[in-house]
Amino acid sequence: MYVQPADATQRKPVTVPGLRAMKARGEKIAVLTCYDASFAAHMEAVGVDVALVGDSLGMVVQGNASTLPVTLDQMVYHTSLVARGVQSTLLIVDLPFMQFRDPATALAASARLMKEGGAAMVKLEGGADWVCEVIAALVEREVPVCAHLGLTPQSVHRLGGYKMQGKTDDAAARLREHARAVVQAGAELLVLESMPAALAADITREVPIPTIGIGAGADCDGQVLVCYDMLGITPGHRPKFSKDFLEGRGSVREAFAAYVEDVRAGRFPGPEQVVR
C-alpha cells in the first residue's frame, strides 16, 4: 500500500465549493496534471490545490501524437494511482475521447472514474449544445463537472493543429457564449486553454465559477500546466506558455513548490509566458 510522506500537508481537503470560495476571495488556484502516486504525493506535500489526471498522458506518458488513443480503462488506472498519493488535493480526471458523446456514455464513464478511480470531478471539452446536455445530465446525477474551452486537444484534427483559439471577434464571441452555456448547464470549474489573455480575463469576470488558465494569460482564477512540461522533461519543444520550474532547483518537490508559490503570488504566468 502506498504511504504518504511524513511531511504531507495537514490542510483541510480542497472541495468543489471551496474552489468557488477561493475565486470570491481572490485567491489563485494552483493546478498540475498528474499521472502516478509518487508525483501526487509530492504535489500533496507542497499544497497543490488540484491534481488533474489529464488525457495528456497519451502524449507525455504513452508517446502518442495526440490524446485521442487514450482509453477509459487507462484513465481509470491512472486516476486510481494518483488517488493513492493525495489526501487534501482535489482530484479531477478527463473524460477521454468519445466517452462523453452522449449522456448515457458519459454517466457510465464518470461512474467508473469516481467509483474505481477515486476522482471527485470529471472534465470534458467543448461548449456546444450537445456538450451542455451532457454536463446537465451529469450534474443532475451529482457528478461535478469541469468544462474546457478554447484549444480543445480532442478536436485537434478539426482545428488543424494545436492553435490559439478566439483570435477573431466572431470566435471570441462564440467562446463567451459557450462559457455562459456551460455555466448554465451546471459546470463548477472552467479550463481556458490557448486563447488571448484579454478574452480569458473577460470570461473570468463574466462567469461565477473559477477559471483555470493554460496559455490564457495571468487573469484567470488559477493556472494549470502539464507536470512534465513544467519539469522540463517532455521531449521536444516545450509550449511557450510553460516554464521549466526544475531548472536551478534540486528536486521535483522544490519545483512543484516554486510553481505553487508563483501561481499564488501572481508571478506565473509572466509576460514571457503570454502567448499572442
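User: Which strands and which helix are included in what covers the buried residues of H1?

Analyst: Happy to start there, keeping in mind that this is a predicted model. The buried residues of helix H1 (residues 16–25) are Val16, Leu19, Met22 and Lys23. They span an arc of only 105° around the axis, so they sit on the same side of H1. What covers them includes strands E1 (29–33), E2 (50–53), E3 (90–94), E4 (121–125) and E6 (189–193), along with helix H9 (197–206).

User: Which exposed residues does the face of H1 turned away from its buried side carry?

Analyst: Val16, Leu19, Met22 and Lys23 are the buried residues of H1. The face turned away from that side carries the exposed residues Pro17, Ala24 and Arg25.

User: Which residue caps the N-terminal end of H1?

Analyst: Look for a side-chain oxygen that lies 2.9 Å from the backbone nitrogen of Gly18. Beyond the helix, H1 is followed by Gly26, whose phi is positive, near 75°. The cap at the N-terminal end is provided by Thr15.

User: Is Asp221 buried or exposed?

Analyst: Asp221 belongs to the loop between strand E7 (211–214) and strand E8 (222–225). Its contacts include Lys23, Glu27, Ile29 and Pro210. Because its relative accessible area is 11%, under the 20% cut-off, Asp221 counts as buried.

User: What is the length of the polar contact that joins the side chains of Asp221 and Lys23?

Analyst: Lys23 is one of the buried residues of H1, and Asp221 touches it. The polar contact between their side chains is 2.6 Å.

User: Where is Val274 found, and what is its relative accessible area?

Analyst: Val274 is found in the segment after helix H11 (252–265). Leaving aside residues up to four places away in sequence, it touches Ala197 and Lys240. Its C-alpha atom is separated by 5.5 Å from that of Gly217, although the two residues are 57 apart along the chain. Val274 is buried, with a relative accessible area of 14%.

User: Which residues lie nearest the centre of the largest pocket?

Analyst: About 840 Å³ of space lies in this pocket. The elements giving two or more residues to its lining are helix H3 (57–60), E4, E6 and E8. Of the 34 lining residues, those nearest the centre are Glu193, Val226, Asp229, Pro239 and Phe241.

User: Over which residues is the pLDDT below 50?

Analyst: The mean pLDDT of the protein is 95, and 96% of its residues reach 70 or more. Where pLDDT is low, the predicted coordinates should not be read in detail. The stretch with pLDDT below 50 is residues 1–9.

Definitions and conventions: Residues numbered from 1 in each chain as written. Predicted model: local features only at pLDDT ≥ 70, side-chain atom pairs only at ≥ 80, totals over all residues. Heavy atoms only, no water. Helix = DSSP H or I, 4+ residues; strand = E, 2+ residues; numbered from the N terminus. Buried < 20%, exposed > 50% of the residue type's maximum accessible area, 1.4 Å probe, protein only. Polar contact = N/O pair within 3.5 Å; in protein donor to acceptor, adjacent residues only side chain to side chain. Contact = heavy atoms within 4.5 Å. Arc of directions from axis to C-beta. pLDDT = per-residue confidence, 0-100. 1 Å grid on protein atoms, 1.4 Å probe; cavity = no way out; pocket = protein on both sides within 12 Å on 5 of 7 lines; lining within 4 Å. Points joined across faces, edges and corners; volume = space filled by probe spheres on them.
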